[in-house]
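Here is a short tour for someone meeting this structure for the first time. Keep the sequence and the 3D view at hand.

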Amino acid sequence: MTRGRAAVALVLLVAIVLRLATQATPPLIVHRTLAAYVRMPGSAPALAWPREGEAALQVETVGGVMRSGALTPVPIASVAKIMTAYLILREHPLARGQAGFVLTITHAEVSEQKRRTALDESTLSVRAGERITERQALQALLLPSANNIAAVLAIHDAGTLAAFIARMNATARALGMRATTYTDPSGFGAETVSTAADQLRLARAAMGDATFAAIVAEPSATLPLVGSVANINALVGTDGYVGIKTGSDGAAGGCLVFAKDVTVGGRRLTMLGAVLGQRQGPLIEAALASARRLGDSLAAALRVETVLPAGTRVLSANSADGRHTTAVTAVALREIGWGGLMLPIQFTIRPPLTRVHVGEWIAKVIVTGASRVSTAAVAVRQVAGPSLGWRLQNLL
């Protein structure tokens, strides 16, 4: 070989070595091999849905809203007072132990109470000059379900009933309650309509206010003039039931929006439900009985289960030259739910890897249910960088 050719060969060799040394290693290609949802083991529970009317049910952070019945807008009677109380507390928040604003009862409001009583509406007896705090007014509204106090609160807040009703409907739209129409703050009119599912939307928002949640969980309260009054919702204080509001009349039947605390696997969760249009017997009793059967049937079905066992294959990773590994869950993931419940699975994949060792994590696997549990997805075999042969074939 002449000196010139040798020099050229040396230059080419140096160029190849330099190119190999600086050649970018392509990242591993990661593919998800697990479905977007995992199904909790076991059969779906046979929930005790009411045989009439409509109903909806949901457990805090677990699954979506379950529904039964026609789910068309129907009269809701005094269940409408949930929205009245929600708006009052949103405009006039009450901290723990606070009494809030003070209402002074007028002669006109006494006459209004007597008129409503004559129409067989639920009312709270009042007298001219009597002073009632915001907290006491909310107790009168939500426990014995006083229609006259609903009107007093509405006018105090918005100036007129019409203005307050407009606010009720605007708030319903903002909460996504598209099948709901309010025509008065007490629900006495049959034109005030909603669905069980819409009332769950409102219940979630209202129970987020600590004062609202505390009042609806009271079995009784002491009010001016009348003394002790009982909560019409007789479920409160029994078997974890902590609210929320009854309603009943000829148009609506028996209605109840309820909340029930349940403890599963050491974690306390709140169940929300609504039953509308119950007529099997006295209306309130019919609603209470239907709600108890429904709530208790779901509470009995709740349990902790392994939804992703350790070693479950969740990802594959491939190198540019065809070498391959799978990634499996490092530990088992357990969640709260019921048989057949579908829980979403998400992945957080590491920044691009060019190689991986046995047991090295490639991604985090997250199952979202009552909590957000996660584990690492770890490689079951090593994948080194591309071979020299592949690198030589892909110099350019």
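Predicted model: local features only at pLDDT ≥ 70, side-chain atom pairs only at ≥ 80, totals over all residues.

Start with open space. The largest pocket has a volume of about 250 Å³. It is lined by 18 residues, and those closest to its centre are Ser78, Ser122, Asn147, Ser248 and Asp249.

In soluble globular proteins, nonpolar side chains tend to be buried together. Here the largest nonpolar core has 60 residues, and Phe212 and Ile244 touch the most other members. Helix α2, residues 81-91, supplies the largest share of this core, with seven residues.

**A covered helix**

Helix α4 spans residues 134-142 and is mostly covered. Eight of its nine residues are buried. Among the buried ones are Glu134, Arg135 and Gln139, along with Leu138, Leu141 and Leu142.

Thr192 lies in the loop between α6 (161-174) and β8 (193-194). Is this residue buried or exposed? Thr192 counts as buried because its relative accessible area is 0%, and the cut-off for buried is under 20%. Its side chain makes a polar contact of 2.8 Å with the side chain of Thr183. A polar contact of 3.2 Å links the side chains of Thr192 and Asp184. Beyond four places in sequence, Thr192 also touches other residues, including Val74, Pro75, Ile76, Ala80 and Tyr182.

Leu343 is part of strand β18, residues 342-349. This residue is buried, with a relative accessible area of 1%. Leu343 and Gly63 are 280 residues apart in sequence, yet their C-alpha atoms are 7.1 Å apart in space. Leaving aside neighbours within four places in sequence, Leu343 is in contact with residues including Ala36, Tyr37, Val38, Met40, Val307 and Val367.

Pro93 makes a second case. Its place is in the loop between α2 and β6 (102-104). Pro93 and Ala210 are 117 residues apart in sequence and 9.8 Å apart in space, C-alpha to C-alpha. Pro93 is exposed, with a relative accessible area of 58%.

**Positive phi**

Which backbone angle stands out at Leu225? Leu225 has a positive phi of about 70°, although it is not a glycine. The residue lies in the loop between β9 (220-223) and β10 (227-230). Asp239 is not a glycine either, and its phi is positive at about 50°. Asp239 lies in the loop between β10 and β11.

**Accessibility side by side**

The table gathers the relative accessible areas of single residues.

| Residue | Relative accessible area | Class |
|---|---|---|
| Thr192 | 0% | buried |
| Leu343 | 1% | buried |
| Leu225 | 44% | partly exposed |
| Asp239 | 51% | exposed |
| Pro93 | 58% | exposed |

Asp239 counts as exposed because its value of 51% is over 50%.

Technical notes. Residues numbered from 1 in each chain as written. Heavy atoms only, no water. Helix = DSSP H or I, 4+ residues; strand = E, 2+ residues; numbered from the N terminus. Buried < 20%, exposed > 50% of the residue type's maximum accessible area, 1.4 Å probe, protein only. Polar contact = N/O pair within 3.5 Å; in protein donor to acceptor, adjacent residues only side chain to side chain. Contact = heavy atoms within 4.5 Å. 1 Å grid on protein atoms, 1.4 Å probe; cavity = no way out; pocket = protein on both sides within 12 Å on 5 of 7 lines; lining within 4 Å. Points joined across faces, edges and corners; volume = space filled by probe spheres on them. Core = buried A, V, L, I, M, F, W, Y, C linked by side-chain atoms within 4.5 Å.
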